[in-house]
Amino acid sequence: MSDPDRPQTLAPIVVEGRNCWRVERANKARMIVDAADYYALLERLMAGAKERILLIGWDFDPRIALIPDGQDKGQSLGHYLLRLAKDQPKRDIDILRWNFGGLKHFFVPSIVIMILRWKMTRSISFRLDSAHPVGCSHHQKVAVFDDHLAVCGGIDVSSARWDTRDHVDDEPRRTGPDGKRYMPWHDSTMILSGPVGAALAELGNERWQRATNKPLRDLSGTGENWPDDLEADFNDVDVAISRTSAEYDGREAVRENEQLYLDMIAAAQRFIYFENQYFTSGAIAAAIAARLDEDDPPEFVMVMPKTADGWLEQMAMDAARVQLVRSIAKSRHGDRLKVYVPHTKGGDPIYVHAKTAIVDDRLLRIGSSNLNNRSMGLDSECDVTIDAALAANKGIEPVVARLRESLIAEHLGVSSADVAASFGRTGSLIATIESMHGEGRSLELLDLVAPGPLDEFIADNELLDPTSPDAMFESFADRGLKKSWHRGRGWMKRHRPFRRKAS
């Protein structure tokens, strides 16, 4: 790997119009890890909003308690929103969620009753988003307050998401609305204020207008809603916003998230640390394999769930992940890719839903996009990225390193200082993790169990994870993991110069 101490002038990885929609200033920004912290913050942000609360998501469950007490006494989100509407009736509360995923809610009487109560409340608007091709989903997780403060990341305001960073075994508060316990859950998002918040508000307004054919009303745009006691990780930094959306209704496809992943892989010099739910993109895997065929490649560490959530997802995603990781392992330095699964102190696997990436401690990316085909060109996605090579972001590397250390420390059950010291000695993420994992809370290597014939067939032909809406209707001869792999290989050959430092 490259010498981290060698003076270098790095070109920005984020480039407006290439791999991101906009680069805008954040007055303040902070990474939020796991839903316990986010939900508690969300309750405060909604209460503090003066003119509008805009919630956009893949899922939205009004039965959950933002601050559960473990005894079924926490106030439900649905009732909390009704109280907010009563206390301040002139404040808009606009909620947009994916239409197909929302169909299941119509079979739950308590949810239907709550939605009807919302419908009868003038200041609350609840809408379903169907403005996408057949087979696509609205997967963004964005919340905007008064058009100047926003949250963007991977955490849904839904059931079976709440958990603390301790991921305690037998946590009584980790109980769904149905009274059933669910597995430990790891996730991440980012809160941002200032012009970048206004840009995310613009994105939300556009999405709302597409889904409802009506724009949101104009706001005064005054006020700063950042909580006084919430310390920012970053101040006055430029943030890139990257999107994914399929071609639909006269609008061209947007694949900024895929391009940014490829550019990150091409530019990495020492390592990329990923936390992600899926790894099924043949193009992304091939780009990693191409780097690992070089003489001195970076390390790639992935923290992922043991299995996908749900039978269909396991059939589609787990088999493809195994095949891609095994293919990458055949590279000259295939041992510089490691896939780990976090476990609780009691040894149970923790589900990883986060979509976080850190490159060389110079770039931090948090969003909704997974390392799968759907997030590259099918579903609607939104990620935010802070790149130290942008002029306004000079000197943020120690902050990015601190955040990376805190994530690894969380998974290993050790202190951030211990992670920093080990990485300082070894210069290697893999060596750091391998030297510190042990009994109980730990990161364990993913067991690459060979898929069965049906799983392999589904994975090979990307039946449930197509690369685009059109790919869903292509013949098997025109689609599949191998074709995606070759596309990624071809891209890396054409863009080798992008990896090098700026002159």
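Is C382 buried or exposed? C382 is buried, with a relative accessible area of 0%. Buried means under 20% relative accessible area, exposed over 50%, and partly exposed in between (1.4 Å probe, protein chains only).

This is a predicted model, in which local features need pLDDT of at least 70, side-chain atom pairs count only at pLDDT 80 or more, and totals for chains, interfaces and linings use all residues. Residues are numbered from 1 along each chain as its sequence is written, and side-chain values use heavy atoms, with hydrogens and water left out.

**View 1. Two cysteines without a disulfide: C152 and C382.**
The structure holds zero disulfides (a disulfide is a pair of cysteine sulfur atoms within 2.5 Å). C152 is in no disulfide; its nearest cysteine sulfur belongs to C382, 3.7 Å away. C382 is likewise in no disulfide, and its nearest cysteine sulfur is that of C152. C152 counts as buried, at 0% relative accessibility.

**View 2. D163 and its contacts.**
D163 sits in the loop between strand 6 (149-153) and strand 7 (185-186). Strands (E, at least two residues) and helices (H or I, at least four) are DSSP runs, numbered from the N terminus. D163 is buried, at 0% relative accessible area. Its side chain and that of R174 form a polar contact of 3.2 Å. A polar contact is a pair of N or O atoms within 3.5 Å; within protein, one must be able to donate a hydrogen and the other to accept it, and residues adjacent in sequence count only if both atoms are side-chain atoms. A polar atom of the D163 side chain also lies 3.0 Å from the backbone nitrogen of W185. Leaving aside neighbours within four places in sequence, D163 is in contact (heavy atoms within 4.5 Å) with D34, A35, A36, R174, P184 and W185.

**View 3. Strand 13 and its partners, strands 12 and 18.**
Six of the seven residues of strand 13 (residues 337-343) are buried, so the strand is largely enclosed by the rest of the structure. Strand 12 (residues 299-303) pairs with strand 13 in the parallel sense over four bridges. Two strands pair if DSSP finds at least two bridges between them. Here V301 stands opposite K338. Strand 18 (residues 442-445) runs antiparallel to strand 13, joined by four bridges. There Y340 stands opposite L445.

**View 4. Helix 6 packs with helix 7.**
Helix 6 (residues 256-267) and helix 7 (residues 282-292) pack at about 10°, their axes 9 Å apart. Axes are lines fitted to C-alpha atoms, for helices over the stretch in contact, and angles run from 0 to 180 degrees between N-to-C directions. The two helices are therefore roughly parallel (angles under 35 degrees).

Methods: Parallel < 35°, antiparallel > 145°, perpendicular 65-115°, else oblique.
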